[in-house]
Amino acid sequence: MAEVDEIICVVCPKGCTLKVKHEGDEIIDVQGGCKRGERYAASELLDPRRMVASTVRVKDGLHPLVPVYTRKAFPKPLIPQLAKKLREVEVTAPVKINQVVLEDALGTGIDIIASRNMPQAE
Amino acid sequence: MKHNYDVIVIGSGPGGLAAAISAKENGAEDVLIIERDVELGGILVQCIHNGFGLELFDEDMPGPTYAQHFIEKAEGLGVETLMDTMVLDITPDRKVYAINRYQGYIQLAARSIVLAMGCRERTRAQIMLPGSRPAGVYTAGTAQRFVNVEGHMPGEQFVILGSGDIGMIMARRLTIEGAQVARVLEIMPYLTGLTRNYVQCLLDYGITLQKQRTVNRIIGKDRLEAVEAVSVDEKWNPIAGTKEIIPCDTLLLSVGLIPENELSKKAGVLLDPVTNGPFVDDRFMTSVPGIFAAGNVVHVYDLVDWVTEAGYVTGKGAAEFAKSKKVKAGEQVPLKAGENVHYIIPHKLDPGHLEEEIVRLQMRALTPIEERVRVTVEDEDGDVIAKANEPYARPGEILTLALKPKAHEDLCKASSLTVHIRKR
């Protein structure tokens, strides 16, 4: 039996409501969005992912933390575990933008990278 | 150091950076940014979440990455900077007085000034929250600075008042850092932030949002112990029998932003009581010739991409003004907010600019319309000069209408323009 789920697309700031008609894992039709919305609906149904941003501690930096994020959208169910893991990471200044602070996070193949330069404290 | 500049930009957030870059690119030679923090970037420094750059770059960047792109661009173009420096005063003849700990009191002069001070959060006093005055009541942005930049957790058990974007983003951020967010309360019957933030920040983390509900009382002696929440009617009157005591040690307020215009007022810039920002033309020049305004100091945007875009337009205007000896302001047509429009930016425009470029009008709806709407720009006779269709109109989300060069002739004939948002 085909079911219709309503999901709100988060790809861009428009926030369209997508009507996703699917039979189990197979998507039959997506209404109410654009091409990117169709891809989002498929991923949201089968393997929901989000960009995750957080901070890690930094030694000798201008600030005590450096902001980091997942290079790619990260599996949603693993986010709490990732958050816990990042609280244990510490790096030393200077940090360069895009520098990897945690490689292959939780075996997902996704690196966690710095989102800015963090110079040393003067 | 130099004392005379073509363009001085006050503030180095996204609006200020874009204005400085664009001023350089449009021929201003000496451009200076004055920033009160120790580094460039403004509020983007603490906005570590993703979602920046989707409109301009089709890329999903965190705030600091977005800022760094423009910081590097400004530095590459030779924009000068004065950091850790507070501007004390500006005058209508474009003198700038500032102070820092390295040079002491500084007096500068500019051919044009760009105001880019951004905005400020509304506080407990401004929404008149009753109750005691314990520690643990913060604006959401202050908590964001603590958590994301300075490395302090302000509490363990949170209630967030207001469904603005910063409030929702902080709800997620605090959850990721291990805190509990008991509730997000919104006094309006609708979400005041972006829908995508409701999904990504609240739904994803199982955080409850209650609309038409607010904080009625703050409870606690030294430290916040609980808040009393209550439902309200359309006129915000508490409804009997709906009280709930929610235990928490921290209350975050995400109850709106106000453009920061203390300096603008000192220069004699006229402010619009609806936006709390300056009256501006389509180059974002204020009522004082040569003084421009970029970004959230004009009106509070939803998206940084649009702040950047506005900054570019402003920088072009500032450079043109700085280069020309005499001001040749063309005939300007006033723009008015019509049916279901809360406000419209710019307040007036020079139809001549449409000859070669697109002029973007940005507006907020007064009340939500959850069905297809048409935005129209009409002249004094009610003739439609431009229109755009949108899937819905929500007060939390700015609507943009791009006036294209083909509207040039009609605009030249109009003596005033009114913008409406109506059901289709």
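Residues are numbered from 1 along each chain as its sequence is written, while chains are lettered from A and ligands numbered from 1 in the order in which they are written. Because the model is predicted, local features need pLDDT of at least 70 and side-chain atom pairs count only at pLDDT 80 or more, whereas totals for chains, interfaces and linings use all residues.

**Chain contact**

Between the two chains, 21 residues from chain A and 22 residues from chain B take part in the contact; two residues are in contact if their C-beta atoms, placed from the backbone, lie within 7 Å. On the side of chain A that touches chain B, the elements giving two or more residues are β5 (53-59) and β6 (65-70) of chain A. Helices (H or I, at least four residues) and strands (E, at least two) are DSSP runs, numbered from the N terminus. That side of chain A divides into 12 nonpolar, 6 polar and 3 charged residues. Here Ala, Val, Leu, Ile, Met, Phe, Trp, Tyr, Cys and Pro count as nonpolar, Asp, Glu, Lys and Arg as charged, and the others, Gly among them, as polar. In the loop between β5 and β6 of chain A is A:D60. The phi of A:D60 is near 60 degrees, a positive value in a residue other than glycine.

**Domains**

Domain bounds come from an automatic or database domain assignment. Chain A is divided into domain 1 (3-46) and domain 2 (53-114), with C-alpha centres 30 Å apart. For chain B the assignment gives domain 1 (1-122 + 256-329), domain 2 (123-255) and domain 3 (331-424). The C-alpha centres of domain 1 and domain 3 of chain B are separated by 25 Å. Between these two domains of chain B, 12 residues of domain 1 are in contact with 13 residues of domain 3. The domain 1 side of this contact has 6 nonpolar, 2 polar and 4 charged residues.

**Helix pair in chain B**

Helix α1 (residues 14-25) and helix α8 (residues 304-323) of chain B pack at an angle of about 40 degrees, and their axes are 7 Å apart. This makes α1(B) oblique to α8(B); angles under 35 degrees count as roughly parallel, over 145 as roughly antiparallel, 65 to 115 as roughly perpendicular and the rest as oblique. Axes are lines fitted to C-alpha atoms, for helices over the stretch in contact, and angles run from 0 to 180 degrees between N-to-C directions. Residues of α1(B) that meet α8(B) include B:P14, B:L17 and B:I21, and those on α8(B) include B:V304, B:Y312 and B:K316. The contact divides into 13 nonpolar, 7 polar and 1 charged residues.

**Sheet in chain B**

An open sheet of 5 strands in chain B has the order β8-β15-β9-β10-β11, with parallel pairing. Two strands pair if DSSP finds at least two bridges between them. β8 (137-139) and β11 (209-211) of chain B stand at the edges with a single partner strand each, so one side of each has no neighbour in the sheet. Strand β10 (residues 180-186) of chain B pairs with β11(B) over 3 bridges, and B:L185 stands opposite B:Q210 in β11(B).

**Cis peptide bonds**

The peptide bond from A:A93 to A:P94 is cis, with omega near 0 degrees; A:P94 lies in the loop between β8 (90-92) and β9 (100-102) of chain A. B:I345 and B:P346 are also joined by a cis peptide bond, with omega about 0 degrees.
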